[in-house]
Amino acid sequence: MQTLLQLIAILAVILGTVFSVLGVLGFIRLPDVYTRLHATGKVSIFGVVLLLLATVMLTPLGFGKGLVLIALLVIGGPATSHAIGSAAHRIGIPMKRAIRDDLGALEQNQAGE
Amino acid sequence: MDIVIAVLSGFLLAVIAPWVHRVGRRSAGWLLALLPAGLTFYFAAYLRELRPDFVVITSYPWVPGLGVSLSFYLDGLSLLFALLISGIGTLVVIYAGGYLAGKPQLGRFYALVLMFMASMLGLVLAGNAITLFVFWELTSLTSYLLIGLDHEREKARAAALQALLVTGGGGLALLAGLVLMGQVTGSLELAALLSNGAAIREHALYLPILLLILLGAFTKSAQVPFHFWLPNAMEAPTPVSAYLHSATMVKAGVYLLARLSPVLGDTEAWHYLVTGAGMATMLLAALLALGQTDLKRILAYSTVSTLGALTLLLGLDTTLSAKAAMLFLLVHALYKGALFLVAGAVDHEAGTRDIRRLGGLARAMPITAAAAGLAALSMAGLPPMLGFINKELLYEAKLQAPRAAGLITATGVAANMLLVAVAGLVGIRPFWSRSNAPDARPHVPGTSEVPGTSEAVHKEPHEAPLAMWLGPAALAGLGLINGLFPDALPSALVSAAASAVRGKPTVVELALWHGISPIFALSVLTVIVGAAIYVGRDPLYRAAQRFVPWLITGLRVVGHWGPEGGYDLALRGLNSLATTQTRLLQSGYLRFYLIIVMLTTVGLGGYTLLSRTGLTWPAGRSSDVRLYEILIGLLILAATLLALLSTSRLTVVAALGVVGYGVALIFTLFGAPDLAMTQFAIETLTVFLFVLVLYRLPRFAYYSSRRDRIRDAVVALAAGALMTALVLVVTSAPLQSRLTPYFVANAVPLARGRNIDNVILVDFRGLDTLGEITVLAVAGIGVYALLKLRLDEKNK
Amino acid sequence: MNLILVLPLIVPLATAILTVLAGRWRWAQRWLSALGAAALLAAALALLEFVRREGIQVAYIGNWPAPYGITLAADLFSAIMLVLAGLMGLAVAVYSLASMDPARERFGYYPLLHILLMGVCGAFLTGDIFNLYVWFEVMLVSSFVLVALGGERAQLEGAIKYVTLNLMSSALFLAAVGSLYGVAGTLNMADLAVQLHQVAQPGLVTTLSILFLVAFGIKSAIFPLFFWLPASYHTPPVAVSAIFAGLLTKVGVYALIRVFTLLFVQDVAFTHTLILILAGLTMVTGVLGAVAQNSFRRILSFHIVSQIGYMIMGLGLFTPLALAGSVFYIAHHIIVKTNLFLISGVTQRLGGSDYLKKLGGFYAAYPGLGVLFLIPALSLAGIPPLSGFWAKLTLIVAGLDTGQYAIVAVALGVSLLTLFSMTKIWGEVFWKPAPARAALPASQVGLAGMILPIAVLALLTLSIGLLAEPLLALSTAAAEQLLNPAAYIQTVLGGR
Amino acid sequence: METFLAFVIGGLYAAGLYMMMRRSIVKLIIGLSLLAHAANLLIFTLGRLTRGEPALIPPGGIRPERPIADPLPQALILTAIVIGFGVQAFAVVLIKRAYQTVGTDDLDDMKSTDTG
Amino acid sequence: MTSLILSTAARYMLPLLLLFSVFLLLRGHNEPGGGFVGGLVAAAAFSLYAIAYDVATARRVLGIDPRFLIGLGLLVALGSGVVSLAQGLPFMTGLWSEYAWPILGKVGTPLLFDIGVYLVVIGVTLTIIFALAEA
Amino acid sequence: MLLLNILLALAWVALTGQFTPLNLAFGFALGYVMLWIAQRSGKPHGYFTKVWQVLGFIAFFLWEMVKANLQVTYHILAPRGKMRPAVIAVPLDVRTDVEIALLANLITLTPGTLSLDVSADRRVIYIHSITLGDETDKFRRQIKEGFERRVLEVLR
Amino acid sequence: MTPVQGLVVFVAFPLLTIAVILAFVRLVRGPSLPDRVVALDLISTLMIGIIAVYAIATDEPVLLDLAIVLALISFLGTVAFAHYLERRV
Ligand code: NA
Ligand code: NA
C-alpha cells in the first residue's frame, strides 16, 4: 500500500511538474492573451493540482488541506481567467488570427447606436 | 540689610513698576526713585567704615554644581560704582518722569531702567565670576531694550541690535575667559581669583584668558575698534543715554579691567594691549566728537574718549594711574551725566539737539544753563571743579607711565584739548552763544542726520520742570562741592577704590591747589588751546581741509568704512553666507537630501568597515547553495530590475509583487512559514493598494538626465555594496543566539504554545506586537483622514 | 513596581483608544484628551520621584526575565525625558483645545496625539533595542499622519520629505538592529552592553555603531541629515509643530545618548570625536539656516537643528559634566522650543501670517505676549539667568575642561547668532509697527486657552533659570548613571 | 546561501535607493517598497539560515525534534513587515494626495516648503 | 458593471475565506497562522466583495464601521495585557484558564491578545481599502 | 444552503484535522455564521442534496478537465497554424447567478473554451474558443447539452 | 531522503523554478497589461505548487496552510488587478 502510494505520488509529481512547465511554455508560446489564458487556466492549474495530489498522498496530516487547496484552485482559477479575459477584451486587447468575435461585434453595435 | 536684598530689590520693583506707573501717574517717578535713593543711602552708610582694606563678602549658594554662588564682594571699587549707579539712578528715574511724561513707553521704561540698575549693581558687586557675567549680560539686554524703547523707528531697532550684538559677542568671550580663569584657580569666586593672580599670569592659558577678557571689556566700554555702537546707541531716550551709555554701563568694561588688574595686570601683554587700545580710543573719539552736530552724539564720542582715557590709565597699572582712573570715573559720571540730562532738557524744550540751531537758551532756561556751565567747566578741567583736580592727577599719572610716557602724555594732552573744545560746544554754546544761526561746518559723515529731532517743530523754549533740572543741577553741584572739598568724600572713596585696583592699601590725598608745577602748566595750556579750538573751530576746519585733507578724509573713512562698516559688512556677509548655505543645503530637492544621507552612510560606514574590520571572504558558506535557490534569487533581482526599468506603472507593481513573492519563497524554504504566509498576504494587499492608487497617477516619466541617472546609480550601488559587505562580514562568524534556546525551551511549558514564532509575537515579545498594531491603527486612521479630510478644497 | 513603569504606555494608548471610540462626540474627545495628558504627566512625575528615591526601575513585560522578554527600564535620564514628554503633551493638549480646527479633531487628531506620546514614552522606557525600533515607528507613523492631517498643499509637500527621509532612517535602524542581533545574538540593551564587549570582531561593532549614528542622526536632525526637518516642521498646525519641535528630535537624541553610553563605548576616541565634529557642524549649519529664514516657524525649525548640536556636543565630550549638560540642555530646549512654537501660533492667529514681513506691532498691542516671547527666546539664546544659559554654561565648562576649545568657540559663536535670530523675530514681529494691510478678522476666540500653556511654560523656563540647581543636580545624577552603566546592567539583568 | 543572499540584498538596497532618488513620487514609493524587502531579507540572513525546519514543536512535545530555524529574527521581520505595510499604505495614499493637490508627480515641483 | 461570474465566486469565497481566517487565528499559537494573517485573510474576503460588488455592499456585509474595529481591537489587545496587572503580575503576563474549552483547549490572555490583533488588522485593512476604493 | 454549510463544516474539520463530533459541530456553527454573513449581500438560495448527481458531475468534470489539458498541451506543442480562435455568443437557459457562474467556470476548465463575459440581461454567455472551425452551431450544442444540462441537473 | 524527496529536490524544484522564471519572462515581455497580470497569477499558482512539493520534501504539512493563504489571497490580487485594468490604465 505504502509503496503503491509512493509510486502514484512519484507519478503525480512528475506529471504535475511536466504539466506546470508545459502550461508555462504555452504561456510563452501562444500568440495572444486569450489563448495564453487557456494555457495557464487549465494546464498550469492542472499541473499544480497534480502536485497537490502527490502531497495529499504523501503527507497524511496534509490530506484535508491538500483537498481544500485543490478545490480552491479549481474554483478560483476559472474565475481569475474569466476576470482577466473579460477585462482584456473590454480594454480592447486584440485577438490574434480570430475568425469570429461575437462580443466584439456586440460592443461595436452598442457603440454605434 | 544684606547686599543681596539691595541688589535684587531693583528686580522686584521693576516687575511692579508698570503698575506703579499706571497707579501713581505723574508722581510715579518720584515714588519709584525712593528705591534707588534708599540704596544710595544704604551704600553711603558704608562710607563710614571706609578703610583702604575694606571688603565685605556675602555668599549664598546658587548653582553649586557649576561652582556658581550668589556671592557679593563689596570693596572700595564696587562701592564707588554702587554709589554712582544708585545715585545717578535716582536722578534719572525722577528725570524720566518728566522727560517721558505722557509717552506710552514710560511704564516700560521704569521697569527696564530699574532692572538695569539692579543688574548693574549686581555686576559691580558680584563676588563670583559667573554671577558677574549673569549681571553683565543683563545690562546688555536691558540696554538693548532701552535703546529700542522707541521701537517703531527702524534706526532705533538697528542701533539696539548693534549694541546687543557687539556687547553680547564680547560677553561670550568674557564668559569663556572667566570660565578658563576659574579652571586655572579651581574656583570661580572673586576672592579666590584675586588671591591667585600669580598662578593665572604664569599659566599657559594666560594670554588667551587675557584676550578673551579684554574682548569683553573693550566691547562693553566701546574701545576702538568696537566703539561705534555707543554713538549709535544715542537712539535711546536721553535719560537712558545719560545713565547707561555714559555714567554706568559703558564703565562696566572699565570696572572689569580695574577689578581684574590685580589678577591679569602688570604684564607686558596687559600694558601694550590695554594702554594701546585706550590711547587710540581716547584720541580718535575726541577728534570725532568735535565733528558732530548732534548734542548727544558729541557727548557720546566724548564719553568714548573718556572711556579710552580710563582704559589707558588702567593699562599703565601704576598706583598713580589707579588713583587717577578712580577719580576720573567719579568726575566723569558727575559732569557727563549732567550734560546728558541737560541735552535732554534742551531737546525737550527747544525741540532740537542740533547744535547748529541752538543758542541763547540761558535766558529761558537759567537753571539748566547753570548746571550745564558748571558741568562744562568740570569737563574742561577748570578750577574749582573736581574736574580740575582730576586733570592734574591724570597728567601726573601719564607723565609717570612706565613706558612711552612722553607719547602717552602728549596724546592725553591733545585729547584733552579737544575735549575742552567739546565742553564749550555742549555746555556753553547752546546757552550763551549769540545766535542760533546755522553752523558753517558741514556734517561729518558716518554720523548721519540728527536723530530724534523734529525739524519742523521749534517750540518756544522755557525752563524745564523740576524733575528735569534737579538731576543736572545736583550732579553739576556735586562736581563743584567735591571740587571745593576734595579731601572729604572723594579722597576716601578714591583711596578705597584705588586700593582695590592695586590690590594693596593705597592712600590718596586730593587737594584743589597743588601749586604751580609743570603739570599745572600743561593744564593751563590745555585749557587755552582748547578754548582756541572752540572759538576758531570753523576757520580751523577750513584750514585742516586745505592743509591736512588726509585727516578729514581719514575721519570720513573711519566714520563710514571703519569698524561700523565692518559691522555692516559682517552682518551682510552673514546674511549672504546663510542664504547661500541654505540654498545649497536646503535645496528642496529630495533626491539631493537622499544622496547626502546615503553618502554619509556609505562614507562613514564604509570607512569604518574598511578601517576597523578586515573584509574577508566568508569561506565555507558560499558553497552551500542549491540551484533553485540561486534561481529564486535571480528571479528577485530580475523582477527588481524590471521594476526599475519599466515605464508601465502596473507592470512595475506586478514586478514588485514578484519580488515580494520571491522573498516569501525564500522565507518558505528556510523554515519561516509564518513569515512567508504574512509576506504573501501583505504582498498581495500591497499590490492591491498600489493598483488602487496608481491607476489614477500619471505614467512614469523620465525626468532626470542621463548624467543624473548615472550619478544616482553609482551612489545607490555604493550603498548596496555597503550592505552586502555588512552581511558578508556579519555572517562570516557563527551566531550564538542567547534568546532562542530560552524561547524553545519555554514555549510549551510556560507559554503553552507550539508555534514558537507566534509565541514570541503574542507572549515573549508581545509588547512589540502591541506597538505594531498601534502603528497599523495609526496608518488606518491616517489613510482615512488623508482621503476624506481636505481642508484645501474646503477653503476654496 | 511594574505598574508605574507601564502607565506611561497604557495611559496614552487607553486615551487614544477611548478617543477613537468616542468617535463623533467631539466634546468627549476633547475632555478625554486633556484628562489623558494630565494623567500621563502625573504618571511620569510619580515615576521620576520613584526613580530618584529608589534608583533604576525595571519592569519585565509578560513576566519574562531579561534578556529574554522585553524589559522596560527607567533610569533618571528616562524618567526626566518622560516627565518632559508628559509636560509637553499636556501643554499641547490644552493648547489644542483652543486652537485645533474641528475638522482635524473629527479626523483623529486626538488619538494621533496620544499615540505619538505613547511612542515617545515607549522609546524612553524600553530596554530592548528592537522594541525601541517599534516605538520609533509608533511615534513616526503618528507624526506622519499629524504632519499631513488636513491635506493642505504645503503639508503634503513637507510630509513627503519628512516621510521619505524618516523612512530611510527607519530602514537603516532596522538593518542595524538586525546586524546587532546577527553579531551578538541578543536584543536586550543591558545584555548587549555585556555581549558587545566579547564580540570577536570589535571593528564590526564600531561599524554598526556608525549605522546607528546615521539612523538616529537622521531622526535627531544632525548635520548633514537634517533636511527633512526644516522642510516640514512649519507646515502642520502650530500645535502639531510644537509637539514635534519639543519632542520628536529629542527622542533621536535620547537614543543616540542611550546607545553611545551603554552599547558603543568600545572606540570612544573614534565614535565620540566624530559625534563632536558633527555637533559643531550641526550647530553652525542650523543657525545659519535660521539666519536665512524670514518666517517665524521656519526660523524656529532651523534652530531646532542648531540646538541639537549642543545636545550631542555633551555626548561627544563624554564626561559626566558634559552629559549632565546634554540632559539639562534637552530639558531646557524641549520646554523653550515648544513654547516658542506655541507663541508663533498666537501671532499667526492674531496677525494672520507666519511671515515676519507681514507681522508687526505685537509689542505695542500685546506687551504681555512680548514678555512671554522674550523669556523663551532669550533662554534659547542662552541669556542669563534663563534656563538656556545654564545649559550652555555646563557644556562650555565641560568643553573647556577637556580642552576642546574649537567646539566651545563654535558653541559660543552660535549662541550669539541664536540671539541674532531671536532679536530678528522680536524686531520684526513685536517691535516693528504693524504693516499696513486690510484688517484681518483676528479671532480672539480661545486665546486664553492658548496663552495658558505658554505662560506656564515661560514660568517654568524662568524658574529653571533662577533655580537651576535642582535640575542640574538631577541631570548630573542622570549623567553619572549613564556613564556608569554597570548599575543599569545589574538592575536589568540582575533579578526579577 | 548567506553569501549569495548578501548580493541579492545589496541589489535590492541599490535598486530601492535608486528608485527613491527619481524625481517621480510614484517611483519613490516603489523604492520604499524595495527597501523594505531588502531590510527584511537582511535581518533574515543575518539571523543565519536553516533549511526547511520551521520553529514548531510537534503536538504533545516539549521541544522540537530537529534543529529548527531561529524563530526570533522571523518574529522581528514579521513585526517589521506589518509596520512596513502600515507605513507603505500611508505613504502611497500620501503620494496620491500630493499628486492630486500639487498637480504633478515631479518632486522638483515640490520645493516650496524648503525654499519658499 | 460588476461581473456576474466574479460576484458569484466572491459570494462563495467569502465564507471560505472567513472560515479560514478564524482557523488561522485560533490555531496560530500552535501552528503557522495567528491573528495577523488571519486578519489579513478576513480583510481580503471583504475586499473581494468590494471589488466583485461595490464598497457599499462590502460595508453592509461587514456590518460595522471598520474604524470602530480598529479601536475595538486595540482595546481588546490592551485589555488582555492589563488583566495581569490586576493580579499584581507584570503587564501582559499570560494568564490561562484551567478549564480546557472544546476545540480551543485552554484559553489564555495571549489568545485574547491575538484576537485584538486580528480585529485591528481587519479594521485597518478595510478602512484603507474601502476609503481608497471610494475615492 | 445546508449542503454548503455541511461542506464548510467538513472543510473546517479537514483544516483542523480533528475528526471529532464536537469539532464538526463547531465547524458547522462557524460555517453557518459565515454563510449568514455572505448572504446578506443578495438573495438567499435553496439547494437539493443530490449526492449522486454531484458525484457524477464531478467525474464528468474531471474527465473533461484531463481532456482539456491534453488538448491545450497539443496546441502548445503543435505548430501555431492549427488554431482557430473565436469568441462565440451562446444563449443561456440557466438563470440564477450560481448556475451561470458554475457553468462559466466549467466552460473555462474544459477543452478549448474560456468564458469571457455574460451579457447584461444574463441571456447570453460569450465564450472564447481556441479551435472553433466554422462549426459555431455544433459548438453551441455541445455547450448546451454537455455542461448546461448537467449543471441544471445538479443544481435544480 | 526518500526517493520522492530526492525527486522533488533535484528535479521538480529546479523545473518549477525555471517555470516561474519563464512566466516572469512573459511578465517582462508583456506585451499587454493583461498578459502581465496573467503572468503574476501564474507565478503565484506555480508557487503554490512549489510549496506543495516542498511540503513533501520537508515532510511539513503545515506548509500547506501557507499555500492556502497564497491561493486565497492571490485570487484577490489578480481579481483586483483585472478589475482596475478595465478602468483605463
Ligand atoms: Na503567527
Ligand atoms: Na505574557
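**Backbone entries: positive phi and cis peptides**

I looked up Ala222(B) and found it in the loop between α9 (206-220) and α10 (229-232) of chain B. Helices (H or I, at least four residues) and strands (E, at least two) are DSSP runs, numbered from the N terminus. I am working on a predicted model, in which local features need pLDDT of at least 70, side-chain atom pairs count only at pLDDT 80 or more, and totals for chains, interfaces and linings use all residues. Residues are numbered from 1 along each chain as its sequence is written, chains are lettered from A and ligands numbered from 1 in the order in which they are written, and side-chain values use heavy atoms, with hydrogens and water left out.

I read phi of Ala222(B) as near 55°, positive although the residue is not glycine. Most residues other than glycine have a negative phi, and most peptide bonds are trans. I also noted that Ala222(B) is buried, at a relative accessible area of 0% (buried is under 20%, exposed over 50%, partly exposed in between; 1.4 Å probe, protein chains only).

I next took Asp317(B), another non-glycine residue with positive phi, near 60°. I placed Asp317(B) in the loop of chain B that runs between α14 (295-316) and α15 (319-350).

I then turned to chain C. I found a cis peptide bond between Ala66(C) and Pro67(C), with omega about 5°. I located Pro67(C) in the loop that links β1 (57-60) and β2 (71-74) of chain C.

I logged the bond from Phe223(C) to Pro224(C) as cis too, omega being near -10°. Pro224(C) sits in the loop between α9 (202-220) and α10 (228-232) of chain C.
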